[in-house]
Amino acid sequence: MIPYGRQDISSADIESVVEILKSDFLTQGPVVPLFEKAVSQYVQASFAIAANSSTSCLHIACMALGLGKGDILWTSPNSFVASSNAALYCGAEVDFIDIDPNTYNLSIDCLEEKLIQAQKSGRLPKIVMPVHFAGQSCEMKYIFNLSKKYGFKIIEDASHAIGASYMDKKVGCCEYSDITIFSFHPVKIITTGEGGIAVTNNPLLAEKMILHRSHGITNKQDFMFARPEDEIWNYQQINIGYNYRMTEIQAALGLSQMSRLDEFVERRHNIAKKYDNSLAECSIILPMQHSDVYSSYHLYPIRVRKSKAGKTQRMVYDFLIASGIMVNLHYIPIYLQPYYEAKGFKRGYCKEAELYFKETISLPIYSSLSDEQQDYVIKTILELIK
Ligand SMILES: *Cc1c(COP(=O)(O)O)cnc(C)c1O
């Protein structure tokens, strides 16, 4: 059985985790800050805040930017539900921008058009959350320019995109955003089991996210309120927060994985290149790369159009699964999920995203995929589609 994505764990990774299990701290020790430093240095951002998932990071990022009741967050429908759920956790509303038919990222033209309309109706978003689908960065410079014109904040959901670049800078440098979020779920580029990290260059946003990550509690004297001298106030809760902390066990794994990040992304590029070449003559649509980006290739989505391939998406999907290739579909447009449909979203809302949903299949791509396994995937596809 070949999955669409999986972790790549070395003996050094295992050793680093075992070391933590023998140490004094399983949580709230020295390794989480070391991991945060490794990521912030890698992406060239000033601050990094690690948490128990990327979903948690999206939530505390929205909180730090003051998202609340009466506000709206816009994101891509071609994403995992966590992107938009984060806004709902804050009591805000969400809306969706249709995707670009080539990159499958949110369309800059649709965004601009929607902003013009929203300005007229007085319903501009407080936050726009571009999602770097499959590891390919959105056109951040354009989104940033629009944010200056229309006054919204930007959170990059880069859950797919650690190790990727945009205009020769690492995704996460936050040149064109307020906060960037990465995920370390095992199917992503590097893993901590469960885990995520938020990076920013803004010290105030960093402080807020640190508070929201851990109950709204601080032990920094500067932030504490005056209390009688004879009482022991070694910490204070000064805001509301959650327990979203990452453990030392997770951070040790993440720190060890960071040393192989570039190697992982390079391997993913080689796998993608082989698919590009081997499937070039096959009548399916292969993923296109924007010239400004270097993808982390979290996903390799192909499109199966009946009129072109002679087979439906469903037929190819079922055939691959039956052949032991556990392909997946990224993504069902978020607003078609029953929970979102109940909020009033209707079919036909984002036409490109829906067309894409009915044609796409994510082929296996991960650093530990062997050449033999990939050959088998290619052979199986070519067997079905000429
Ligand atoms: C995986 C993923 C998330 C959630 O990440 P977790 O670490 O599992 O919480 C959010 N957004 C996108 C686009 C993702 O792919």
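User: To start, how many disulfides are there?
Analyst: The count comes to 0 disulfides. Keep in mind that this is a predicted model.

User: Is cysteine 350 buried or exposed?
Analyst: Cysteine 350 counts as buried, with 2% relative accessibility.

User: Switching to the sheet. What is the strand order?
Analyst: The order is β2-β10-β9-β6-β5-β3-β4, an open sheet of 7 strands with mixed pairing. β2 (47–51) and β4 (93–96) are the edge strands, each pairing on one side only. On average, neighbouring strands in this sheet are turned by 20° against each other, direction ignored.

User: In what sense do β2 and β10 pair?
Analyst: They pair in the antiparallel sense, over 5 bridges, with β10 covering residues 196–200. Within that pairing, phenylalanine 47 has threonine 200 of β10 as its bridge partner.

User: Which strands does helix α2 touch?
Analyst: Helix α2 (residues 31–43) packs on the sheet and touches β2, β9 (179–183) and β10. The direction of α2 makes about 130° with that of β2.

User: And where does α4 lie?
Analyst: Helix α4 (residues 82–89) lies across β3 (72–75), β4, β5 (127–129) and β6 (153–157). It runs at about 150° to β4.

User: Now packing. Which residues touch the most other members of the largest nonpolar core?
Analyst: Cys62 and Ile155 do, in a core of 46 residues. The elements giving two or more residues to this core are β2, α3 (54–64), α4, β4, β5, β9, α7 (203–213) and α13 (351–357).

User: Which of those gives the most?
Analyst: α3 does, with 7 residues. The core lies between domain 1 (2–258) and domain 2 (261–384), because both give residues to it.

User: Back to cysteine 62, what is it in contact with?
Analyst: Leaving aside neighbours within four places in sequence, cysteine 62 is in contact with Leu67, Leu73, Ala86, Ala87, Cys90, Ile127, Met129 and Ile155. There is also a second, separate core of 29 residues, which includes Val39, Tyr42, Ala48 and Ala164.

User: How many residues of domain 1 are in contact with domain 2?
Analyst: 49 residues of domain 1 are in contact with 52 residues of domain 2. Taken over C-alpha atoms, the centres of domain 1 and domain 2 are separated by 25 Å.

User: Last one. Where is threonine 380 placed?
Analyst: Threonine 380 is in helix α14 (residues 371–384).

User: Buried or exposed, threonine 380?
Analyst: Threonine 380 is buried, with a relative accessible area of 2%. Apart from neighbours within four places in sequence, threonine 380 is in contact with Phe319, Leu320, Ser323 and Ile325.

Terms used
Residues numbered from 1 in each chain as written. Predicted model: local features only at pLDDT ≥ 70, side-chain atom pairs only at ≥ 80, totals over all residues. Heavy atoms only, no water. Disulfide = S-S within 2.5 Å. Buried < 20%, exposed > 50% of the residue type's maximum accessible area, 1.4 Å probe, protein only. Pairing = 2+ DSSP bridges. Helix = DSSP H or I, 4+ residues; strand = E, 2+ residues; numbered from the N terminus. Axes fitted to C-alpha atoms, helices over the stretch in contact; angles between N-to-C directions. Contact = heavy atoms within 4.5 Å. Core = buried A, V, L, I, M, F, W, Y, C linked by side-chain atoms within 4.5 Å. Domains from an automatic or database assignment.
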